[in-house]
Amino acid sequence: MSTEIRNEETQNRYTITLDDELVGFTDYRIVGRSIVFTRTEVDPRRRNNGVAGQLVQYALDDVRTGDLAVVPQCTFVSRWIDGHPDYQELVDRG
């Protein structure tokens, strides 16, 4: 099974495809020096397989290469960061 994750900047979302089928996305918006993650959705048939976690980790790793702070308004992103202490320094606490 091939997995592709990418940032679709024109749509303000990261997407994940499995075998060329879109199975999930996480939406964001850029506000000043922050990236605000607003929503994450995964096809119900693909849940519980770690797809959302792979997607969020990729997105956060991508953010880490720049200089934006993360604002996790999305509940899933917030919980994922809480469970992965090495990503907490990305969060805008202000």
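**Helix packing, aromatic pairs and selected residues**

Tyr14 is buried, at a relative accessible area of 2%. Buried means under 20% relative accessible area, exposed means over 50%, and partly exposed lies in between (1.4 Å probe, protein chains only). The model is predicted: local features need pLDDT of at least 70, side-chain atom pairs count only at pLDDT 80 or more, and totals for chains, interfaces and linings use all residues. Residues are numbered from 1 along each chain as its sequence is written, and side-chain values use heavy atoms, with hydrogens and water left out.

Tyr14 takes part in an aromatic pair with Tyr58. The ring centres are 6.2 Å apart and the planes stand at 70°, so the pair is edge-to-face. Rings of Phe, Tyr and Trp (its six-membered ring) pair if their centres lie within 6.5 Å; planes under 30 degrees apart count as stacked, over 60 as edge-to-face and the rest as tilted. The pair links distant parts of the chain, with Tyr14 in strand S2 and Tyr58 in helix H1, 44 residues apart. Helices (H or I, at least four residues) and strands (E, at least two) are DSSP runs, numbered from the N terminus. Tyr58 is partly exposed, with a relative accessible area of 35%. Tyr14 and Tyr58 also belong to one aromatic cluster with Tyr28 and Phe37.

A search of the whole structure finds five aromatic pairs. One of them joins Trp80 and Tyr87. This pair is edge-to-face, with 5.0 Å from centre to centre and 70° between the planes. Trp80 is buried, with a relative accessible area of 10%. Tyr87 counts as buried too, at 5% relative accessibility.

Helix H1 covers residues 51-64, and helix H2 covers residues 75-82. Two packed helices are described by the angle between their axes and the distance between the axes. The axes of H1 and H2 come within 10 Å and cross at roughly 80°. Axes are lines fitted to C-alpha atoms, for helices over the stretch in contact, and angles run from 0 to 180 degrees between N-to-C directions. H1 and H2 are therefore roughly perpendicular to each other. Angles of 65 to 115 degrees count as roughly perpendicular, under 35 as roughly parallel, over 145 as roughly antiparallel and the rest as oblique. H1 contributes Ala52, Gly53, Val56, Gln57 and Leu60 to the contact, and H2 contributes Phe76, Val77, Trp80 and Ile81. Contact means heavy atoms within 4.5 Å. Of the contact residues, seven are nonpolar, two are polar and none is charged. Here Ala, Val, Leu, Ile, Met, Phe, Trp, Tyr, Cys and Pro count as nonpolar, Asp, Glu, Lys and Arg as charged, and the others, Gly among them, as polar.

The 14 residues of H1 should span 20 Å at 1.5 Å a residue; the end C-alpha atoms are 20 Å apart, which agrees. The expected span is 1.5 Å times one less than the number of residues. The buried residues of H1 are Val51, Ala52, Gly53, Leu55, Val56, Ala59, Leu60 and Val63. Their cover includes strands S1 (3-8), S2 (13-18), S3 (21-31), S4 (34-42) and S5 (69-72), and also H2.

Gln57 lies in helix H1 and counts as partly exposed, at 35% relative accessibility. Leaving aside neighbours within four places in sequence, Gln57 is in contact with Trp80 and Tyr87. The C-alpha atoms of Gln57 and Val77 are separated by 9.1 Å, at 20 residues apart along the chain.

Two arginines were examined in the strands. Arg6 is found in strand S1 and is partly exposed, at 41% relative accessibility. Not counting residues up to four places away in sequence, Arg6 touches Arg13, Tyr14, Thr15 and Tyr58. Arg39 is found in strand S4 and is partly exposed, with a relative accessible area of 35%. With the neighbours up to four places away again left out, Arg39 touches Arg13, Phe25, Thr26, Asp27 and Cys74.

Most residues other than glycine have a negative phi. Asn12, not a glycine, has a positive phi of about 55°. Asn12 is in the loop between S1 and S2 and is partly exposed, with a relative accessible area of 33%. Asp20 has a positive phi near 65°. Asp20 lies in the loop between S2 and S3 and counts as exposed, at 73% relative accessibility.
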